[in-house]
Amino acid sequence: MQIGHKIDSENKIGCMIARMQTYPKTRNQSDVRVAQLQDKSNLFFTDVQVCGEYPKYLNRYFKENGIELSMEPEDEAEIKKGTVDYLGFSCYMSTVTSDASNVKKASGNFATGELNSYLEASDWGWQIDPVVTCL
């Protein structure tokens, strides 16, 4: 049982994700794949908090990259018990990515992506994406 529920069983415990859409820079399949992987890396934290387990794609990523999680036998059960009651969204930003390593970057409030030639930027350099919507 989560500590907030122990204090008051009516409490709702949640998490928030700043939903950031990653677009491929081109239609090239390697750019599309890089964008898909970037989106997954932005979402896996909430996958664990909402579903109570690491997603299969992340476990595969860990294995392929020699990453071992140090967990006690009871940790998986604790993660499963500690899921959130709700997931909040904040939808306002996007990035562009490609398989190329030599690219101009655009800054955002918490993330850096490639410059999107289709978008205007604010005075702070944040690119404005009027199309970004929540899932």
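This is a predicted model: local features need pLDDT of at least 70, side-chain atom pairs count only at pLDDT 80 or more; totals for chains, interfaces and linings use all residues.

Reader: What pLDDT does the chain average?

Author: The average is 80, and 81% of the residues score at least 70.

Reader: And where is confidence lowest and where highest?

Author: Strand S3 (residues 105-107) is lowest, with a mean of 57. Helix H4 (residues 75-81) is highest, at 90.

Reader: Next topic. Which residues make up the largest nonpolar core?

Author: There are five: Phe 44, Val 48, Tyr 57, Leu 58 and Phe 62. H2 and helix H3 (56-64) each give two or more residues to this core. H3 gives the most, with three residues.

Reader: What does Tyr 57 touch?

Author: Leaving out residues up to four places away in sequence, Tyr 57 touches Lys 40, Leu 43, Phe 44 and Asp 47.

Reader: Where is Asn 42 found?

Author: In helix H2, which covers residues 29-51. Asn 42 has a relative accessible area of 23%, so it is partly exposed.

Reader: Which residues does Asn 42 touch?

Author: Ile 17, Met 20 and Thr 22, again not counting residues up to four places away in sequence. Thr 22 is 20 residues from Asn 42 along the chain, and their C-alpha atoms are separated by 9.4 Å.

Reader: Is Cys 15 buried or exposed?

Author: Cys 15 is buried, because its relative accessibility is 12% and the cut-off for buried is under 20%. Cys 51, at 45%, counts as partly exposed.

Conventions:
Residues are numbered from 1 along each chain as its sequence is written. Side-chain values use heavy atoms; hydrogens and water are left out. Buried means under 20% relative accessible area, exposed over 50%, partly exposed in between (1.4 Å probe, protein chains only). Helices (H or I, at least four residues) and strands (E, at least two) are DSSP runs, numbered from the N terminus. Contact means heavy atoms within 4.5 Å. pLDDT is the predictor's confidence in each residue, from 0 to 100. A nonpolar core is a set of buried Ala, Val, Leu, Ile, Met, Phe, Trp, Tyr and Cys residues joined through side-chain atoms within 4.5 Å.
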